[in-house]
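Let us go through this structure by question and answer. Each answer sets a value beside the rule it is judged by.

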2 protein chains.
Amino acid sequence: MMRKGRQVANDLVVSLFVNPTQFGPNEDFAAYPQKTERDLAMAEAVGVDAVFMPATGEMYPEGFQTYVDQSELPDHLCGLSRPGHFRGVLTVVAKLFNIIRPHIAVFGRKDYQQIAIVRQMVRDLNFDIEIESVPTVREADGLAMSSRNSRLEDGQREAALSLHQALQMAQELVLRGERRSERLIESAGAVIQKYPDASIDYIKICDAQTLNDAPVVDRPTLMALAVKVGEVRLIDHAILEPRD
Amino acid sequence: MMRKGRQVANDLVVSLFVNPTQFGPNEDFAAYPQKTERDLAMAEAVGVDAVFMPATGEMYPEGFQTYVDQSELPDHLCGLSRPGHFRGVLTVVAKLFNIIRPHIAVFGRKDYQQIAIVRQMVRDLNFDIEIESVPTVREADGLAMSSRNSRLEDGQREAALSLHQALQMAQELVLRGERRSERLIESAGAVIQKYPDASIDYIKICDAQTLNDAPVVDRPTLMALAVKVGEVRLIDHAILEPRD
């Protein structure tokens, strides 16, 4: 994301902030991996102009009470298992937009719903900001890179790989002509259920814009899933593209 | 407000927009008085640089779903009788701020809660905007100026005047040493109840910052009221200032 920012912007500001308002009371805010020194070294290597690293109390002073939320997009996928999560995301992104006032903002595409929600906010609240995204970066074995991966214990990595394997399975079935979402979800689920450490939160196939359930894959369609591996909640997604 | 803007700004933009999202389903959006030609003539007389007069569908296109809301300040005064009202206000003000990007924004002080809520949003969402306010303008007889006054029928004007009279009564009692909010509210209510056309929505005495109920007036304290006169909902307020 930093490298993308360096390509598209004259002045590049990176925010390093683990945002408490997007974690639920029973979620892993306290355990969320922060690697500030590594991140700062990366920023320096990329040639970032400034790093914005506010204290929590600076972002949310006493009496803080204003939130940005949406009425539709959060009622899907991760929004259902993480009530309030996207309200927290929208609020902190609106704050960062107003503090930094960027012309362009770069997000990682791994959290598909997050980018969809940010784009919708930009449109609805008239932020004059262009949203750029970078594709999910994967380890050599296919695991989508995430800060949370460092919390996987030995032996859990195989279960973590099941997300990508399940998506690949569904993509292959689509290429072979399967278009029924129910069948695709079943097959993907079977891949994950082979791993006793993995517990499925959701597997969904949905319209890539509205995130409404799509019963058939008759156009490029989002397949998104969330799986808990031990204590670690992982997400991944793919766009399923049927042959013509 | 336009004159104040002309004094404080180099470039002055006035927005003329009756915002549907701040009216409830049973409220007077359709009947809200719009006097576009008069407003434009005023803008011209004051030397406004631009008028922003968007169409409703331009502000709220299909699929619109992002809202700004607060968790505390709207749970008081008008927010209680008009659920969703301040969510609509905050949302449209955030949009106007992002579209116009003003350095200074001018609001009328008549709706005390509205300004409190906008100031809180500016702080919480880090808008780099200074909020200026202008005091309530009153007719010669004391009636607070409002677009809605034009909807008062003959004979209802006296009832409408009861809001200001009730506030004056309370101010006088405070100067005479009464500090108990309950007594002040009773006396103010009695003034209004003399008019059969007037029906009290609320009379409150509350902390001028938090809007929490204040049982005694031992510092400058807000007295706010909302009264329905026939079909027309009117509001007014005063700051009660006890003698030392």
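Q: What makes the crossing of α7(A) and α8(A) left-handed or right-handed?
A: α7(A) passes α8(A) in a right-handed crossing. The rule looks at how the near helix is turned from the far one by less than a right angle: anticlockwise is left-handed, clockwise is right-handed. Helices (H or I, at least four residues) and strands (E, at least two) are DSSP runs, numbered from the N terminus.

Q: What kind of model is this, and how are its parts labelled?
A: The model is predicted; local features need pLDDT of at least 70, side-chain atom pairs count only at pLDDT 80 or more, and totals for chains, interfaces and linings use all residues. Residues are numbered from 1 along each chain as its sequence is written, while chains are lettered from A and ligands numbered from 1 in the order in which they are written.

Q: At what angle do helix α7 and helix α8 of chain A pack?
A: The angle is about 150°, and the axes are 8 Å apart. α7 of chain A covers residues 157–175, and α8 of chain A covers residues 181–193. Axes are lines fitted to C-alpha atoms, for helices over the stretch in contact, and angles run from 0 to 180 degrees between N-to-C directions.

Q: How do you know which residues of α7(A) and α8(A) meet?
A: Two residues are in contact if their C-beta atoms, placed from the backbone, lie within 7 Å. On the α7(A) side, the residues that meet α8(A) include A:Ala166, A:Met169 and A:Leu173. On the α8(A) side, they include A:Leu184, A:Ala188 and A:Val191. By class, this contact has 10 nonpolar, 3 polar and no charged residues. Ala, Val, Leu, Ile, Met, Phe, Trp, Tyr, Cys and Pro count as nonpolar, Asp, Glu, Lys and Arg as charged, and the others, Gly among them, as polar.

Q: How do α7 and α8 of chain B cross?
A: Their axes come within 8 Å and cross at roughly 150°. α7(B) passes α8(B) in a right-handed crossing. The contact includes B:Leu167 and B:Ala170 of α7(B), with B:Ala188 and B:Ile192 of α8(B). Its residues divide into 10 nonpolar, 3 polar and no charged.

Q: Why is the relation of chain A to chain B that of a two-fold axis?
A: Chain A can be laid on chain B with an RMSD of 0.0 Å by a turn of 180° and a shift of 0.0 Å along the axis. That is the relation of a two-fold axis. The superposition is by least squares on the C-alpha atoms of residues with pLDDT of at least 70 in both copies. Of the residues of chain A, A:Val68 comes closest to the rotation axis, at 2.2 Å (C-alpha).

Q: How do you know that the copies meet through the same surface?
A: 100% of the interface residues of chain A are also interface residues in chain B, so the surface is the same.

Q: What makes up the side of chain A that touches chain B?
A: 21 residues of chain A are in contact with 21 residues of chain B. β3 (66–70), α5 (85–100) and α6 (112–124) of chain A each supply at least two residues of that side. The largest share, 5 residues, comes from β3(A). By class, the side has 9 nonpolar, 7 polar and 5 charged residues.

Q: Why is A:Ile235 called buried?
A: A residue is buried if 20 or more other C-beta atoms lie within 10 Å of its own, exposed if 12 or fewer, and partly exposed in between; C-beta atoms are placed from the backbone. A:Ile235 has 22 C-beta neighbours inside 10 Å, so A:Ile235 counts as buried. A:Ile235 is in strand β8 (residues 232–240) of chain A. Leaving out residues up to four places away in sequence, A:Ile235 touches A:Cys78, A:Asp111, A:Leu225 and A:Ala226.

Q: Why does B:Ala224 count as buried?
A: B:Ala224 has 23 other C-beta atoms within 10 Å, so B:Ala224 is buried. B:Ala224 is in strand β7 of chain B.

Q: Which residues have the most contacts inside the largest nonpolar core?
A: They are A:Met121, A:Ala188, A:Leu225, B:Met121, B:Ala188 and B:Leu225, in a core of 108 residues. A nonpolar core is a set of buried Ala, Val, Leu, Ile, Met, Phe, Trp, Tyr and Cys residues joined through C-beta atoms within 7 Å.
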